[in-house]
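Here are my notes on the model you sent over.

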Amino acid sequence: MTHSYRQSEGMTGNRRRLGIALPFAVMLAISHAQPAVAKGTGLIFITNEKSNTISVLDSSDTLVATIETCARPRGVHFNRDRTQFFVGCADDSTIAVYDIASQTLVRRYRDIDEPETFDLHPDGRHLYISNEEEAEASVLDLETGEIVGEFETGAEPEGVLITPDGRLAFVASEAANMVHVIDVAAGEVIKDILVDTRPRRFALTPDNKELWVSAELAGIVNIIDVESLELVGDIAFLPTGMRKEEVTPVDVLIARDGQRAYVALGRANHVAVVDVAARKVLNYILVGKRAWGLALTNDERKLYVANGLSDDITIIDTATLKTLKSVPVGQVPYGILIDD
Amino acid sequence: MTRGRRRRYLAVAMLLALVSPSLSAGTTAAETVTFAYIGRDADPAYTPTKAYTGLVLRDRKRPLDGARLGLRDSKIMGRARGLKFKLTERILAPGRDAGAAIREIAAAEGTNVFLLDLPIEEMPDTLRGLKAAPLVLFNVRHGDDTLRGANCAPTLFHTMPSDTMRMDGLAQFLRQKRWDQLLVLQGEDAEDARLVAAFRNSAKKFGLDIEEVRPFKLGNDPRERGRNNIRLLTSSADYDAVFLADAVGEFGRYVPYQTLLARPVVGTEGLIASAWHWTYERYGAPQLNQRFEKRAGYRMTAPQWAAWAAVRAAVEAILRTGKTDAASLRAYLVSDEMNLDLYKGTPGGFRPWNNQLRQPILLHTYNAVIDRAPIEGFLHQTNNLDTLGAGPLDSACRF
């Protein structure tokens with residue numbers, strides 16, 4: 001497949017497949033001290049999965065650039081010091097790396113089977129990737145470009161979350177209705193948790209005690225106790241006038257103070273605002289069509305919502321819960337990254 | 001509330017699983033659960049239909065590859081319960097009694113879940129003998145309403161939508177567009193008559209007017225031009241769209257663009273109502289289509305989707321109940337707890353009055369899905385999917 005990048009070709013990831021997961025004990029020795037974070041540019045990056053572009057907004061929420069990227073870009077994530085970001089392109093089986101300051105492509109990791117989303121291990125070196133078509137999660141060593149671990153998951157793995165202590169990695173399998181729990185040090189799946197229909201994304205409470213996972217086709221968020229790895233509760237969503245089947249939650253965010261959560265309700269075209277401790281919905285905010293991706297600014301005063309079927313971003317004032325603006329981007333916006 | 005009920009159901013199911021001898025979750029050696037696929041050798045449905053000059057207009061594939069994919073998709077789900085799923089594939093020799101073969105396989109393989117890919121003529125007799133058997137049978141092929149009506153069986157579940165469901169979806173679409181006046185062109189095949197009968201009911205249900213039903217005939221005989229000439233067939237009438245029923249397809253492929261009036265064609269050409277289409281872009285469908293095509297080497301169509309859905313339904317019932325006996329599985333399939341991801345946006349369970357899987361219907365052309373029924377605005381008091389197909393009162397099924 002040919003694809004035009006605006007930038008010149010980066011280095012190509014040299015990939016050697018290993019049949020078994022390597023032990024990760026060595027990684028635990030690495031310090032998890034907070035890395036020095038580069039001063040933010042204020043830019044907002046949005047992947048558009050159907051137009052194969054990244055839209056760039058400035059801090060005034062004005063579209064300032066559109067970067068051509070690889071095919072079907074979805075997941076986006078910062079590197080450890082936030083000088084670069086990763087974009088997963090499923091149709092090109094590529095993870096592309098961009099330099100934030102210059103907004104240029106600096107590297108491509110090839111032959112990563114249909115990456116959808118991923119999370120970076122706190123060591124800054126290992127990217128845990130869900131490979132949608134291959135029913136596996138793989139671990140990419142960002143330095144060598146090699147796949148150093150593979151874990152069999154249910155069909156269509158989606159959300160990936162690594163605990164801040166780097167001990168556990170969670171992978172949701174959409175088709176198998178399961179959350180797989182990977183013990184990073186042991187390099188193995190230690191539990192498959194049966195959850196509700198079509199689990200998608202994760203969020204962890206700031207005390208690291210509760211893992212929230214959206215169950216898209218059940219219209220709820222399941223809550224997993226991280227200690228026991230058991231389901232301990234769930235929150236159902238139903239904006240006024242909606243049918244249960246129209247409520248399809250995907251992205252989940254929990255604010256830093258652990259009081260409030262935001263859940264994008266997909267086809268219901270709303271974002272739910274949730275009281276985390278009470279597990280109660282406080283409010284529903286009308287957004288664009290099929291809201292999936294969410295991101296908060298660093299000061300948590302603005303919430304960005306990617307509306308996949310209206311090709312725009314809704315920007316919400318989190319103090320008033322009112323919409324400030326909606327900005328047209330590319331076709332089928334998916335992921336949002338805010339560099340502030 | 002549904003959620004609470006579900007939790008209780010699960011809790012009970014798990015308790016039962018602990019004492020059930022049939023399913024020992026948690027043991028080290030994985031227990032194998034076998035499903036069976038039954039086809040018929042030399043089935044004319046799978047002989048490519050050749051038209052004049054050797055053109056292959058129709059090359060139907062067996063549902064089998066869908067079942068294989070369903071098995072593959074379920075592998076990890078079994079891991080959590082210490083189960084392994086297996087598919088036994090049997091193509092029966094012509095003349096061999098299907099009912100007897102199913103009983104033999106059930107006894108020999110210890111399986112009670114069967115996917116049936118048998119010609120429609122064999123279905124009523126086969127079912128009659130298996131009505132009371134401790135089995136879960138899936139119809140993954142036929143839309144025939146009589147299988148959900150007079151010939152229904154408590155053991156038979158349908159993942160293929162009924163003809164009525166497909167025609168209801170199409171009628172909703174026409175109604176929403178206000179293409180209310182229909183001219184119907186009907187071929188000579190029995191399937192054409194069945195489709196027209198289903199469409200008549202759907203038209204009545206959703207307030208469409210069928211101006212006239214005109215039989216057509218393939219040929220060039222000028223004495224029969226009123227039946228073989230498309231311009232004449234579509235003249236002297238006022239209509240918003242043409243509904244075409246031509247299962248064979250040799251006549252039908254010439255109907256679009258040859259109508260006297262500039263009107264769209266729906267039915268078996270133009271806009272078609274199906275369980276599945278290879279171009280669907282939403283609700284995870286691209287992933288399922290890509291996964292299927294990569295393995296099978298061709299595009300997924302409705303019967304392969306139906307076989308995939310049947311396997312997933314059986315697996316879901318086994319995982320959620322923790323049991324494998326037919327009575328438990330059948331009870332779960334028709335329960336409110338059944339919430340199967342169909343990759344069409346709305347999850348579905350089976351209707352207790354006729355064992356039909358509730359599902360959205362895709363309205364598509366040859367290369368695009370134009371809409372998904374239930375069409376926006378068609379509402380039902382309990383479940384919008386029940387605006388498609390027979391309800392408990394109008395179903396002719398009596399178990």
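This is a predicted model: local features need pLDDT of at least 70, side-chain atom pairs count only at pLDDT 80 or more; totals for chains, interfaces and linings use all residues.

1. Start with the open sheet in chain A. It has four strands in the order S9-S10-S11-S12, and the pairing is antiparallel. Strand S9 (115–120) and strand S12 (146–152) of chain A are the edge strands; each has a single partner strand, so one side of each has no neighbour in the sheet. Going from one strand to the next, the twist averages 25°.

2. Within that sheet, have a look at how strand S11 (residues 136–141) of chain A meets S12(A): the two run antiparallel and are joined by six bridges.

3. Now the hairpin. Strand S5 (residues 73–78) and strand S6 (residues 84–89) of chain A are paired antiparallel through four bridges. A:Phe78 has A:Phe85 in S6(A) as its bridge partner. Five residues lie between the strands of this hairpin, and A:Arg82 has a positive phi near 60° there.

4. Which chain does chain A touch, and with how many residues? On the chain A side, 23 residues are in contact with 16 residues of chain B. Strand S16 (188–194) and strand S20 (230–236) of chain A each contribute at least two residues to the side that touches chain B.

Definitions and conventions. Residues are numbered from 1 along each chain as its sequence is written. Chains are lettered from A and ligands numbered from 1 in the order in which they are written. Two strands pair if DSSP finds at least two bridges between them. Axes are lines fitted to C-alpha atoms, for helices over the stretch in contact, and angles run from 0 to 180 degrees between N-to-C directions. Two residues are in contact if their C-beta atoms, placed from the backbone, lie within 7 Å.
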